[in-house]
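Me: I have a structure open here and would like to go through a few of its residues with you. Could we take them one at a time?

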Amino acid sequence: SFEFIDTDALIESEAGLRVSEIFSCQGEPAFRDLESKVGMQLASRSGLVISTGGGFVLRPENFALLKSHALVVCLWATAETLYERVRNQDHRPLLRDPDPLGRIRKLLMEREPVYRQADVLVNTEQRSVRELAQHIAHEFRSCAR
């Protein structure tokens, strides 16, 4: 009964540009500003599952906003697994790198301290989507009591 919101899709809809176009035309800081704006818009709503990009929580105010009104779940996988999942996708501007696997490793290393502050950290390795959803739903119900 929850509505699913993908912040990247919402940004693209509001900006009229793809995330990759925002990065190339306006730069990463402009994209991060749009993420913050979308986060503020969603903060007053309830009954949402909000999917953010991995960089959303790097701004402390964004992370604090999520933590103030939501159960923050971090889906975790190794750099190698993430690379396998995204290697054929061309819409990820931070991975337009001569060494995308190395870039993923670097991003994970930089972001791990923030990711570890999530309310629930879920390893997605060798787990089905159904199993992950059940686990997260259980965690949500446990926190709602």
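Me: Where does His135 lie?

Reply: This is a predicted model. In it, His135 is part of helix H7, which covers residues 129-144.

Me: Is His135 buried, partly exposed or exposed?

Reply: His135 counts as partly exposed, because its relative accessibility is 24%, and buried would require a value under 20%.

Me: Which residues does His135 touch, if residues up to four places away in sequence are not counted?

Reply: On that basis, His135 touches Val120, Val122 and Arg127. As for Val122, it is 13 residues away from His135 along the chain, and the C-alpha atoms of the two are separated by 8.5 Å.

Me: Now a new topic: cavities. How many are there of 30 Å³ or more?

Reply: The count comes to one cavity of 30 Å³ or more. The volume of the largest cavity is about 40 Å³.

Me: Which residues line the largest cavity?

Reply: Its lining consists of Thr7, Gly39, Leu42, Ile50, Phe56, Leu65, Leu66 and His69. By type, the lining residues divide into five nonpolar, three polar and no charged.

Me: What is Thr7 in contact with, leaving aside its neighbours within four places in sequence?

Reply: Thr7 is then in contact with Val38, Leu42, Ile50, Ser51, Thr52 and Gly53.

Me: One last topic, helix H5. Which of its residues are buried?

Reply: In H5, which runs over residues 79-86, the buried residues are Ala79, Thr81 and Val86.

Me: Why are they on the same side of H5?

Reply: They are on the same side of H5 because they cover an arc of only 160° around the axis.

Me: What covers the buried residues of H5?

Reply: What covers them includes helix H6, residues 100-115.

Notes:
Residues are numbered from 1 along each chain as its sequence is written. This is a predicted model: local features need pLDDT of at least 70, side-chain atom pairs count only at pLDDT 80 or more; totals for chains, interfaces and linings use all residues. Side-chain values use heavy atoms; hydrogens and water are left out. Buried means under 20% relative accessible area, exposed over 50%, partly exposed in between (1.4 Å probe, protein chains only). Helices (H or I, at least four residues) and strands (E, at least two) are DSSP runs, numbered from the N terminus. The arc is that of the directions from the helix axis to the C-beta atoms. Contact means heavy atoms within 4.5 Å. On a 1 Å grid over the protein atoms alone, a cavity is a set of points where a 1.4 Å probe fits but cannot get out, and a pocket is an open set with protein on both sides within 12 Å along at least five of seven lines; lining residues have an atom within 4 Å of a point. Grid points are joined across faces, edges and corners, and a volume is the space filled by probe spheres set on the points. Ala, Val, Leu, Ile, Met, Phe, Trp, Tyr, Cys and Pro count as nonpolar, Asp, Glu, Lys and Arg as charged, and the others, Gly among them, as polar.
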